[in-house]
Amino acid sequence: MEIDRKAFRSLTSGLYIISSIDADGRLCGCVVNTLLQVASDPAQLLVSINKQNATAEAVSTSKRFCASVLSQDTTMDLIGTFGFKSSKDIDKFSEFDHSVCESGLPRLTHDTLATFEVRVDSTVDVGTHLVFIGTVEDAEVVGEGTPITYDYYHRVLRGKTPKKAASYNDGDDPAKDEIVEIEETASSEQKVAWRCRMCGYTVEGYPDGLPEDWRCPMCGVGRDYFEKVLI
Ligand SMILES: Cc1cc2nc3c(=O)[nH]c(=O)nc-3n(C[C@H](O)[C@H](O)[C@H](O)COP(=O)(O)O)c2cc1C
């Protein structure tokens with residue numbers, strides 16, 4: 001029987017940053033939507049991270065991770081940096097508020113409502129991903145607001161999920177998205193902009209179209225992934 005991939009969209013979750021430190025002392029972190037509380041006494045969390053992600057390697061070696069709960073006001077800039085780029089290529093934390101825990105782990109506090117520090121007790125290899133299950137050693141409320149949901153990210157922010165995410169499904173392929181038609185009767189105050197259908201990055205201007213060699217500064221895709229919008 002064929003699986004209807006759209007069914008997975010009705011599973012609910014939030015968006016989080018998982019952070020850790022690798023064997024070379026590099027700070028690593030990535031967006032996940034697979035953080036889950038699995039027990040309360042002692043409090044335990046699990047997270048599923050793709051083996052190819054730098055963060056998976058860091059959690060495997062340090063046996064610890066921090067989790068930051070992102071708020072609904074989180075910018076696409078933060079999601080683009082942590083969700084579409086590799087910690088091996090850039091220092092993701094340099095642009096965003098964070099602190100370093102006593103254990104040396106980075107802990108993102110930017111656009112964050114709460115943080116957890118977790119010691120990994122067991123790791124389950126599920127093929128493409130490693131599932132880390134651990135005990136919460138510290139938990140803190142660091143901000144007020146509404147946590148962002150995966151549904152809000154897709155439906156309202158029109159964000160995308162990269163292939164390496166545990167919850168990537170065919171329906172997320174931007175090439176299959178409809179092109180959004182813009183209103184021809186735009187008011188004179190509205191400006192033309194181009195929005196990346198991969199990560200949501202928006203650039204103002206270029207009324208005649210983006211240059212041929214255009215690359216999204218956030219996630220790196222070409223101009224074919226950009227749609228014209230009015231802001
Ligand atoms: C909305 C969203 C959800 C994601 N969920 C996961 C996830 O649950 N597990 C995972 O391994 N990657 C997930 N990703 C992808 C990683 O964040 C992405 O591959 C990141 O660039 C890895 O960075 P790193 O190599 O520095 O660890 C998600 C990305 C986005 C944008």
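Reader: Why is E137 called partly exposed?

Author: The relative accessible area of E137 is 42%, and the term covers what falls between buried, under 20%, and exposed, over 50%, with a 1.4 Å probe and protein chains only as cover; E137 is therefore partly exposed. This is a predicted model, in which local features need pLDDT of at least 70 and side-chain atom pairs count only at pLDDT 80 or more, while totals for chains, interfaces and linings use all residues. Residues are numbered from 1 along each chain as its sequence is written, and side-chain values use heavy atoms, with hydrogens and water left out.

Reader: What makes the contact of R119 and E137 a salt bridge?

Author: The N to O distance between the side chains of R119 and E137 is 2.8 Å, and the rule asks for a side-chain nitrogen of Lys or Arg within 4 Å of a carboxyl oxygen of Asp or Glu, so the pair qualifies. R119 sits in strand β8 and E137 in strand β9 (residues 129–141), 18 residues apart, and the pair links distant parts of the chain.

Reader: With which other residue does R119 form a salt bridge, and how exposed are the two?

Author: R119 also pairs with D121, where the closest N and O atoms are 2.9 Å apart. R119 has 34% relative accessibility and counts as partly exposed, and D121, at 38%, counts as partly exposed too. Together with R64, E117 and E137, the residues R119 and D121 are linked in a network of salt bridges, and by the same rule the count comes to 10 salt bridges.

Reader: Why can the salt bridge of D125 and K51 be said to tie together separate parts of the chain?

Author: The closest N and O atoms of D125 and K51 are 2.8 Å apart. D125 lies in strand β8 (residues 112–125) and K51 in the loop between β4 (43–50) and α1 (54–62), so this pair ties together parts that are 74 residues apart in sequence. K51 itself is partly exposed, at 38% relative accessibility.

Reader: Why is the pair of F82 and F93 called edge-to-face?

Author: A pair of aromatic rings is described by the distance of the centres and the angle of the planes. Rings of Phe, Tyr and Trp (its six-membered ring) pair if their centres lie within 6.5 Å, planes under 30 degrees apart being stacked, over 60 edge-to-face and the rest tilted. The search of the whole structure finds four aromatic pairs. In the pair of F82 and F93 the centres are 5.2 Å apart and the planes stand at 80°, so the pair is edge-to-face. F82 lies in helix α2 (residues 76–84) and F93 in the loop between α2 and β6 (98–100), so the pair ties together parts that are 11 residues apart in sequence. F82 is buried at 1% relative accessible area, and F93 likewise counts as buried at 1%; with F96, F82 and F93 form one aromatic cluster.

Reader: What makes the pair of Y206 and W214 edge-to-face, and are its members buried or partly exposed?

Author: The ring centres of Y206 and W214 are 5.5 Å apart and the planes are at 65°, so this pair is edge-to-face. Y206, at 35% relative accessibility, counts as partly exposed, whereas W214, at 13%, counts as buried. Y206 lies in the loop between β11 (202–204) and β12 (226–230), and its phi is near 50°, a positive value in a residue other than glycine.

Note on methods
Helix = DSSP H or I, 4+ residues; strand = E, 2+ residues; numbered from the N terminus.
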